[in-house]
Amino acid sequence: MIDGGVLDATIVAVYDQRERRAQAFADAVGADGAVVVADAGEVVRLCDAIWVCTPTSAHRSAVDQALAHGCAVFCEKPLDRDLASATSLVDAVAASGISSQCGLVLRSAPVFRALRDLVLGGALGAPMAAIFRDDQYFPIQGTYGSRWRADVAQAGGGCLIEHSIHDVDILRFCFGEVDSVAARTANHAGHEGVEDLASVSLSFASGLEAQLSSVWHDIVTRGSTRRVEVFCREGMVWLDNEFRGPLHLQTSAGTEVRACPSPRWVDELPMADDEIGLAVRAYVEADRAFVDAVSNGGPPEPGLDVALEAHRLVDAAYRSAAGGGVPVDLRSS
């Protein structure tokens with residue numbers, strides 16, 4: 001799977017707190033010669049660039065070790081468990097001058113790039129409202145194979161910070177800056193400090209209003225699913241598949257369905273043609289962008305500054321929920 005003929009790069013070292021998981025990863029990607037090592041420090045000593053995909057609470061330690069050895073860093077979202085810690089991490093990386101990228105992978109999804117281009121192009125008139133539903137089964141079962149997301153000390157929160165940080169970022173990516181946020185959260189599964197329901201209202205500087213519903217349920221036959229509807233003055237557009245679409249468009253002239261394919265080089269990679277394989281395609285694009293930027297000396301995108309803005313939106317939502325849903329004005333913060 002790893003030898004797709006796209007990059008001159010090699011997986012050199014793999015670490016996981018559970019050695020069998022590290023070995024399983026190395027075996028799954030066909031990383032010939034990859035060494036399963038005993039700690040994260042050994043990874044950075046052997047590599048030029050690292051991917052930090054640990055539980056959230058372990059991000060900072062891994063990033064600090066990478067900076068100490070001059071390794072470029074791809075850090076998964078959320079960067080840390082809260083805004084203050086995420087800010088500190090971003091400041092440390094910026095001070096080091098090390099190349100870095102965050103794992104806000106929806107920005108690499110063809111359907112969201114198409115949505116952004118369509119809205120910004122102005123053909124549908126001024127955007128007015130967006131309705132965003134994000135749901136999946138509680139990610140401590142099924143394909144996840146771990147339980148750390150039910151532990152607030154490791155995750156920092158629940159569906160809002162762990163999953164819908166993607167959603168607030170992609171809304172900002174498509175519609176611009178947010179003026180205020182109001183939210184309510186609830187906990188049905190009973191994991192302390194880990195919300196499994198979040199209802200968030202975002203008011204944009206452009207005048208657009210967005211409603212986000214984020215749910216972690218126990219319907220194990222239903223994986224990560226996002227539905228988005230956008231109403232503009234002269235048309236509406238919606239999607240049901242968060243990675244490749246298609247994008248549905250309706251105007252006074254009628255309806256249209258627009259395909260949103262991945263780049264040809266992505267589809268030519270030896271990946272499964274199922275839901276997991278489909279989702280992996282967006283990660284492949286993000287990973288290649290990181291390696292290309294590091295190799296060419298350019299700034300990787302999206303940078304950690306982009307992730308920090310998503311953290312600010314999540315933080316505002318949590319503050320609003322703690323205050324009973326009172327809107328938080330971001331223009332004065």
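In the predicted model, helix H8 (residues 165–175) lies across strands S6 (127–137), S8 (197–204), S9 (209–217) and S10 (225–232), and runs at about 155° to S6; angles are taken between N-to-C directions, from 0 to 180 degrees, of lines fitted to C-alpha atoms, for helices over the stretch in contact. Helix H11 (residues 304–322) packs on the sheet, where it touches S7, S8 and S14 (contact: heavy atoms within 4.5 Å), and its direction makes about 55° with that of S7. Helices (H or I, at least four residues) and strands (E, at least two) are DSSP runs numbered from the N terminus. Residues are numbered from 1 along each chain as its sequence is written. Local features need pLDDT of at least 70 and side-chain atom pairs pLDDT 80 or more, while totals for chains, interfaces and linings use all residues, and side-chain values use heavy atoms, without hydrogens or water.

The sheet is open, with nine strands in the order S13-S12-S11-S10-S6-S9-S8-S7-S14 and mixed pairing, two strands being paired if DSSP finds at least two bridges between them. Its edge strands, S13 (254–258) and S14 (328–329), each pair on one side only. S14 and S7 (residues 178–186) are antiparallel over two bridges, and Val328 of S14 is the bridge partner of Val181.

Among the buried residues of H11 are Leu304, Leu308, His311 and Ser320, and just after this helix Gly324 takes a positive phi of about 85°.

Thr225 lies in strand S10 and counts as buried because its relative accessibility is 18%, the limit being under 20% (1.4 Å probe, protein chains only). Thr225 touches Arg133, Asp134, Asp135, Asp240 and Glu242, residues up to four places away in sequence not being counted.

Methods
Buried means under 20% relative accessible area, exposed over 50%, partly exposed in between (1.4 Å probe, protein chains only).
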